[in-house]
Amino acid sequence: MRMNRPKADVREFWDRASCGKELYLAGQDRAAYEAQAETRYALEPYIPAFAGFNSAQGLRVLEIGVGLGADHQRFAEAGAALSGIDLTERAVKHTRRRLAVFGLASDLAVGDAENLQFTDESFDLVYSWGVLHHSPDAPKTVAEVRRVLKRGGEARIMVYHKWSIVGLMLWVRYALLGLKPWLPLQEIYARYLESPGTKSYSVAEARKLFDDFSQVQIRTVLTHGDLLESDAGQRHRGLLLTLARKLWPRRVIRRLLPGAGLFMLIEARK
């Protein structure tokens, strides 16, 4: 797949097993996959209801960014007519192997969310968890999602929320303590959160991004990253972060800042 340099940088970042390296090391058998899924849904318990696994039977579903395949497996188990793409060959091969272990199937392929290789109005549901904000051209990915949805179909997309506790921590670490307090938050996300160019959105910006959909519902959720209940991400380690985890005021954050979570959950109907 030919691609420009920004997109190639994204692919190279995620192809280095930065997402789920532990599972590769543990092996790819049924027990390893079940353990990975258990950990995923314990850390992010809002995924199953948001994705709608239990109501996917008989639906044509496309997942953009299959990653390690836990969500893809759940859609397959529910009886969806399933397709999935990922920018990296490694993720596609791994998800295909995972499904085979459980006797499941999907139409899986390496693909680019900015140029989906599906005909218009192909899917009842397009699902993507934490992927579209890595695209160099996010408006184009959203337009592609809308194009391949059937009339009345739904997109369920998670992207990063700009005004989050994670964003504040990144600003303190890289702008304030780095003696560059003028750095805009968007630039900090792009440089320091995950793959190069990672984006984040305010609720108003997300609504504008999905403006061509007939109905849009948006909510934000506090994450294990905002609450420092797990490793903060692929790129961040250190003594300061370890100390912060011991002192972090999680109860106060939950009570006073419930809307300051990193994950923005978007449900958009065509």
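Val159 stands opposite Met264, a residue of strand β7, where a strand is a DSSP run of E with at least two residues, a helix is a run of H or I with at least four residues, and both are numbered from the N terminus. β7 and β5 run antiparallel and are joined by seven bridges; two strands pair if DSSP finds at least two bridges between them. The model is predicted, and for that reason local features need pLDDT of at least 70 and side-chain atom pairs count only at pLDDT 80 or more, while totals for chains, interfaces and linings use all residues. Residues are numbered from 1 along each chain as its sequence is written, and side-chain values use heavy atoms, with hydrogens and water left out.

**The sheet**

β5 and β7 belong to an open sheet of seven strands with mixed pairing, in the order β3-β2-β1-β4-β5-β7-β6. The edge strands, each of which pairs on one side only, are β3 (107-110) and β6 (215-221). From one strand to the next the twist averages 15°, an angle taken between N-to-C directions on a scale from 0 to 180 degrees, with axes that are lines fitted to C-alpha atoms, for helices over the stretch in contact. β4 and β5 pair in the parallel sense over six bridges, and Leu125 has Glu154 of β5 as its bridge partner.

How is β5 placed, enclosed or open to the outside? Nine of its twelve residues are buried, so β5 is largely enclosed by the rest of the structure; buried means under 20% relative accessible area, exposed means over 50%, and partly exposed lies in between (1.4 Å probe, protein chains only).

Helix α7 (residues 138-148) lies across β1 (60-64), β4 and β5, and runs at about 150° to β5, contact being heavy atoms within 4.5 Å. Together, β4, α7 and β5 make a right-handed β-α-β unit, which is to say that, with the strands pointing away from the viewer, the path from the first strand over the helix to the second runs clockwise.

**Aromatic rings**

Rings of Phe, Tyr and Trp (its six-membered ring) pair if their centres lie within 6.5 Å, and planes under 30 degrees apart count as stacked, over 60 as edge-to-face and the rest as tilted.

| Pair | Type | Centre to centre | Angle between planes |
|---|---|---|---|
| Phe75 and Tyr127 | edge-to-face | 5.3 Å | 65° |
| Tyr160 and Phe263 | stacked | 6.2 Å | 15° |

The pair of Phe75, in helix α5 (residues 70-78), and Tyr127, in strand β4 (residues 123-129), links distant parts of the chain, 52 residues apart. Phe75 counts as buried at 0% relative accessibility, and Tyr127 is likewise buried, with a relative accessible area of 0%. Tyr160 lies in strand β5 (residues 149-160) and Phe263 in strand β7 (residues 263-269), so their pair ties together parts that are 103 residues apart in sequence.

**Outside the pairs**

Where does Trp182 lie? Trp182 is in the loop between α8 (165-176) and α9 (185-192), and it is exposed, with a relative accessible area of 64%. Trp182 and Phe53 are 129 residues apart in sequence and 43 Å apart in space, C-alpha to C-alpha.
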